[in-house]
Amino acid sequence: PGCLGAELLGQGDWYSAPLPLLEGGHSQYMGAEVPFDLGTLLAIEFAAMAGVESLRGGADAEKRIYPGGAFDPMGMASDEKKVKEI
């Protein structure tokens with residue numbers, strides 16, 4: 001549900017969510033206690049993001065994994081537009 005869902009359901013707000021972690025306690029998500037401390041959560045997030053980014057931006061162009069191709073909603077990456085830009 002994300003931060004908006006939790007806020008709409010009355011489970012707290014996004015700006016006070018990390019306060020229990022900073023005070024040495026445990027955080028809650030949707031009323032359930034999260035059993036990790038701040039260091040563990042940071043390590044999990046770092047490992048997950050490092051893995052995803054290594055797959056997304058690999059050195060070999062054939063092995064790169066993108067979620068949906070290049071982001072070009074207005075067609076500005078076409079060769080015709082590149083020449084007009086110059």
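**Ground rules.** I number residues from 1 along each chain as its sequence is written, and side-chain values rest on heavy atoms, with hydrogens and water left out. As the model is predicted, local features need pLDDT of at least 70 and side-chain atom pairs count only at pLDDT 80 or more, while totals for chains, interfaces and linings use all residues.

**Confidence.** I looked up pLDDT (the predictor's confidence in each residue, from 0 to 100) and found a mean of 74 for the protein chain, with 66% of its residues at 70 or more. Helix H3 has the highest confidence, at a mean of 86, and helix H4 (residues 79–85) the lowest, at 64. I keep in mind that where pLDDT is low, the predicted coordinates should not be read in detail.

**Layout.** I found 4 helices and 2 strands (DSSP runs numbered from the N terminus: helices are H or I with at least four residues, strands E with at least two). From the N terminus they run α-α-β-β-α-α.

**Burial.** How much of the protein chain is buried? Buried residues (under 20% relative accessible area, 1.4 Å probe, protein chains only) make up 6% of the 86 residues.

**Contacts.** I took contacts as heavy atoms within 4.5 Å. Among those with a separation of 6 or more, 11% join residues 24 or more positions apart.

**One residue.** I picked Leu19, which lies in helix H2. Leu19 is partly exposed, with a relative accessible area of 40%, because partly exposed covers values between buried and exposed, the latter being over 50%.
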